[in-house]
Amino acid sequence: MVSFFEDSAKNIAGKNVMITDAKSVLNMSITVTVSAQNPLASPGYKISIKTKKLLQNREIISGARVNAWVDSMRASSPTHTKSTSSVTDDQVTWNLHHPSALEMFEQIIDASKGKQIVMFLDYDGTLSPIVEDPDRAFIQCVALSIISFRYSHSITVSLFCKLQVYKFVKLAELYYAGSHGLDIKGPEKRSKSKSDGESVLFQPASEFLPMIDEVYKQLVDTTKSTPGAKVENNKFCLSVHFRCVDEKKWSELAQQVRSVLKEYPKLRLTQGRKVLEIRPTIKWDKGKALEFLLESLGFANCTDVFPVYIGDDRTDEDAFKILRDRGQGFGILVSKFPKETSASYSLQEPDEVMDFLRRLVEWKQLSLQAQSRM
């Protein structure tokens, strides 16, 4: 009796066959060669697969994937400011489509009149500058707590940040969304039965915690040979910071990260500003987190709500797109460089974000005072 394998070998003898390697998702053409003289008559026949060529193809495609990562890292984390006339023209054109939120402040206020303003704020790179040590990116939150949220009873606020910031800001009336919205905590709701008022609203990726902890340990060990690399465990998301890594070492770091992640298909990698981020492959992002928060606040189907999302990162685009598609409120991108974005307005740096928030609070204060005199 001819086995299934022998029958298959006979049928494909001398032919090119397309095989899909599910693990690496590569399509490779291989030639299976069988001896022409009654190849299946004896157990000594040979099937020769050009494995060397396959390995070369795999290495080429693997290298191409790493190069694509590095290109994406450079695109999302520009390290040099260009001053050519063409770039200046691009900047002018981009500013026309995404004007400064400070310059357009009066127009923004007119659009928000009579509506409940709901602010969604990214943290690192938006409220706080990108600094060498991400754990030290706290200073702007002091100004935030003093200036921007004194009137949070009239401006609902959600802060997209790692939840360690909660202990620093200590504003119980805010909503905090960590790990790209995978870890959401709402305002304290104290009761007689509970002394701890901090409440968990939503954690859709709890089952991934053991895997994330495992990958974190591997990444720390694998990347320790790259000077300046820092791996951060944000509970439901891992961040590999390369803000202190020499640009010549970015490719090496990308390869190190890939060598770990190839064994974990349930985790995906995205690029942000000077950071590689690893998170579960579930269908959840900052846009879905924004929708969840609006629904939790009772604003899901309201026409008198005015959501504003301010962020600087590629991952914030999901939230910008949600607001654009809803036709309510708008997104503000924080960037000194022209970028493809779904945001309506722009601000160049965290200092401008603080100026915008300060003006917004001052306007709200004057508005409330005027209403009280009526």
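The legends below describe close-up views of a predicted model.

**View 1. Packing of helix 7 against helix 8.** Two packed helices are described by the angle between their axes and the distance between the axes. For helix 7 (residues 209–223) and helix 8 (residues 250–261), the axes come within 10 Å and cross at roughly 145 degrees. The crossing of this pair is right-handed.

**View 2. Residues at the contact of helix 7 with helix 8.** On the side of helix 7, the contact is made by V215, Q218, L219, T222 and T223. Helix 8 contributes L253, Q256, V257, S259, V260 and L261. Sorted by class, this contact holds six nonpolar and five polar residues, with no charged residues.

View 3. Four strands make up an open sheet, arranged in the order 8-9-11-10 with antiparallel pairing. Strand 8 (230–233) and strand 10 (267–272) are the edge strands, each pairing on one side only. From one strand to the next, the twist averages 20 degrees.

**View 4. Pairing of strand 8 with strand 9.** Strand 8 pairs with strand 9 (residues 238–241) in the antiparallel sense, over four bridges. Within this part of the sheet, N233 stands opposite L238 of strand 9.

**View 5. Helices 7 and 8 on the sheet.** Helix 7 packs on the sheet and touches strand 8, strand 9, strand 10 and strand 11 (275–280). The direction of helix 7 makes about 165 degrees with that of strand 8. Helix 8 lies across strand 9, strand 10 and strand 11, and runs at about 10 degrees to strand 11.

**View 6. The second largest cavity.** Rolling a probe the size of a water molecule over the atoms shows where empty space is left. In this model, the count comes to three cavities of 30 Å³ or more. The second largest cavity has a volume of about 40 Å³.

**View 7. Lining of the second largest cavity.** The lining consists of I108, I109, S112, I117, M119, F306, V308, F356 and L360. At least two lining residues are supplied by each of helix 4 (105–112), strand 3 (116–122), strand 12 (305–311) and helix 11 (350–373). Helix 4 provides the largest share of the lining, three residues. By class, the lining of this cavity comprises eight nonpolar residues, one polar residue and no charged residues.

Notes:
Residues numbered from 1 in each chain as written. Predicted model: local features only at pLDDT ≥ 70, side-chain atom pairs only at ≥ 80, totals over all residues. Heavy atoms only, no water. Axes fitted to C-alpha atoms, helices over the stretch in contact; angles between N-to-C directions. Left-handed = near helix turned anticlockwise from the far one by under 90°. Contact = heavy atoms within 4.5 Å. Nonpolar A, V, L, I, M, F, W, Y, C, P; charged D, E, K, R; others polar. Pairing = 2+ DSSP bridges. 1 Å grid on protein atoms, 1.4 Å probe; cavity = no way out; pocket = protein on both sides within 12 Å on 5 of 7 lines; lining within 4 Å. Points joined across faces, edges and corners; volume = space filled by probe spheres on them.
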